[in-house]
Amino acid sequence: MKILSLLTVVAVIAAPSFAEDVRQAKSHEHGVGQLDIAFEGTKISMELHAPGADIVGFEYAPKSEADLEKIDAAIAKLAKPLDLVGLPVGAGCTVLEATAELEGDDEHGEGHKEVGEEESHTEFHAEYLFECAELNAVTLTEITFPYFGTFPNAIELELQVISEKGATAFEVERDAPSVNLSGLF
């Protein structure tokens, strides 16, 4: 997926190695996912990282056919971003690209151990690119997150939102699944 130039510039400025260390440390926190959103022109780029426990209820490597079925079902759900992120109808957004996969980090020796489990840590990673007919302060004032209804183990999404006015961080929680974007355009 093409990374938007605005996201790239901000990522370079924001010390990517530090951001990656922080994200990896937080990825062990069950219930908390990370969603990066960049607005540029009429496009919206999103990148989601969520612990396996949030999405399928476990973080170990699949051990059964049932585990594999849960993973396949989760990837299918994650590949439908408009079912997970509610963009205002007035913005006229359509999905240009959507990818989702399960990633493991045991090959890097960074797994964690829970009682009765082998060392393991998996997370789901998804990337989305939207094209919007009208992307401005009037049409895009709020984003809602049906994500929490789709994945009952998800408790919070930590958002990093990048627009022409700069970067802003939000915490979106299950009991208040929306973010107000006023002032970002």
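A polar contact is a pair of N or O atoms within 3.5 Å; within protein, one must be able to donate a hydrogen and the other to accept it. Keep that handy for the exercises below, and remember that you're looking at a predicted model.

**Exercise 1.** Work out which side chains make polar contacts with the side chain of H125.

*Solution.* 
- Step 1: find H125 in strand β4, which covers residues 122-132.
- Step 2: list what H125 touches beyond four places in sequence: E47, L48, H49, T99, A100, E101 and E103.
- Step 3: check the side-chain distances. H125 and E47 make a polar contact at 2.8 Å, and H125 and E103 make one at 3.3 Å.

**Exercise 2.** Decide whether H125 is buried or exposed.

*Solution.* 
- Step 1: look up the relative accessible area of H125, which is 10%.
- Step 2: compare it with the cut-off, since buried means under 20%.
- Step 3: H125 therefore counts as buried. Across the chain, 39% of the 185 residues do.

**Exercise 3.** Find how far apart the C-alpha atoms of H125 and L48 are.

*Solution.* 
- Step 1: along the chain, H125 and L48 are 77 residues apart.

**Exercise 4.** Describe the lining of the largest cavity.

*Solution.* 
- Step 1: searching the whole structure for cavities of 30 Å³ or more turns up 1, and the largest cavity has a volume of about 50 Å³.
- Step 2: its lining includes L48, Y128 and F145.
- Step 3: sort the lining residues by type, and you get 8 nonpolar, no polar and no charged.

Terms used: Residues numbered from 1 in each chain as written. Predicted model: local features only at pLDDT ≥ 70, side-chain atom pairs only at ≥ 80, totals over all residues. Heavy atoms only, no water. Buried < 20%, exposed > 50% of the residue type's maximum accessible area, 1.4 Å probe, protein only. 1 Å grid on protein atoms, 1.4 Å probe; cavity = no way out; pocket = protein on both sides within 12 Å on 5 of 7 lines; lining within 4 Å. Points joined across faces, edges and corners; volume = space filled by probe spheres on them. Nonpolar A, V, L, I, M, F, W, Y, C, P; charged D, E, K, R; others polar. Helix = DSSP H or I, 4+ residues; strand = E, 2+ residues; numbered from the N terminus. Contact = heavy atoms within 4.5 Å.
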